[in-house]
Amino acid sequence: MPERMTSPASHDPAGLLEEWWATYTAVDEDDDMLSAKRRLAVTAPFGQDWPGIAPARSGATDPDEPAAEYAQVFLTDRPQSRLGLVAAATGAEALAVAGWCGPLNYDNDTAKFSAVIRDWEHRFGARVIAAGFSTLHLSIAAPPMNEDDALLVAAEHFAICPDNIWQGDRPYTLTGYTERIIGAHGWDFWWD
């Protein structure tokens with residue numbers, strides 16, 4: 001439903017991430033399966049305090065090189081994948097132009113997610129490799145290489161896709177997720 005999307009250019013990525021962070025770290029004692037203490041432990045050491053966006057990383061390589069490598073691995077692992085062509089300048093813009101609705105359970109306006117991914121294209125050399133019904137796969141030319149930077153990136157991932165932490169691999173915490181993205185040249189997201 002591309003006609004229902006706004007423009008990615010009309011959204012501030014840092015503002016969106018901060019807004020989503022506030023939403024997903026909110027504690028609702030009456031309607032929450034986790035106690036307030038356990039809820040805040042998920043996003044420790046930040047709790048409900050938005051830490052801000054991660055600093056940009058400069059990559060030593062052209063972002064298209066790791067994208068080609070990751071695409072090859074992706075296709076090898078998923079030979080049933082199909083190519084989609086979209087008239088857009090970048091992969092991030094293609095998501096909104098195509099009307100992709102992967103994070104539908106969280107927000108109906110894909111342009112908001114496109115704005116964040118476009119920002120990641122600039123800060124981390126991200127490239128959209130694949131988008132599925134409720135999944136998104138990105139190659140990353142300049143991933144975080146230390147724990148401090150990775151923790152900030154993990155906070156951004158939680159803000160855009162909390163299911164990566166809530167329903168990902170154990171432990172279901174930001175710090176556990178951080179360990180998995182240090183030096184990782186592929187970021188995968190799925191919305192339940």
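Modeller: This is a predicted model. Start with helix H4, residues 91-98. Its buried residues pack against helix H5 (110-124), strand E1 (126-131) and strand E2 (135-140).

Biologist: Which residues of H4 are the buried ones?

Modeller: They are Ala92, Ala94, Leu95 and Ala96. Most residues other than glycine have a negative phi.

Biologist: What makes the protein chain as compact as a globular protein of its length?

Modeller: First, the elements. The protein chain has 8 helices and 3 strands. From the N terminus they run α-α-α-α-α-β-β-α-α-α-β. The radius of gyration is 16 Å, and the globule rule gives 16 Å for 192 residues, so the chain is as compact as a globular protein of that length. Buried residues make up 46% of the 192.

Biologist: How many aromatic pairs does the structure hold?

Modeller: The structure holds 15 aromatic pairs.

Biologist: Why is the pair of Trp21 and Trp50 called tilted?

Modeller: The ring centres of Trp21 and Trp50 lie 5.5 Å apart, and the planes make 55°. Rings pair if their centres lie within 6.5 Å, so the distance qualifies. Stacked needs under 30 degrees and edge-to-face needs over 60, so 55° counts as tilted. The pair links distant parts of the chain: Trp21 is in helix H1 (residues 13-25), and Trp50 is in the loop between H2 and H3, 29 residues apart.

Biologist: Why does Trp50 count as buried?

Modeller: Buried means under 20% relative accessible area. Trp50 has 19% relative accessibility, so Trp50 counts as buried. Trp21 has 1%, so Trp21 is buried too.

Biologist: What makes the pair of Phe189 and Trp191 stacked?

Modeller: Their ring centres are 6.2 Å apart and their planes lie at 25°, so the pair is stacked. The cut-off for stacked is under 30 degrees. Phe189 is buried, at 2% relative accessible area. Trp191 is buried as well, at 3%.

Methods. Residues numbered from 1 in each chain as written. Predicted model: local features only at pLDDT ≥ 70, side-chain atom pairs only at ≥ 80, totals over all residues. Heavy atoms only, no water. Buried < 20%, exposed > 50% of the residue type's maximum accessible area, 1.4 Å probe, protein only. Helix = DSSP H or I, 4+ residues; strand = E, 2+ residues; numbered from the N terminus. Contact = heavy atoms within 4.5 Å. Rg over C-alpha atoms; globule rule 2.2 N^0.38 Å. Phe/Tyr/Trp six-rings, centres within 6.5 Å; stacked < 30°, edge-to-face > 60°.
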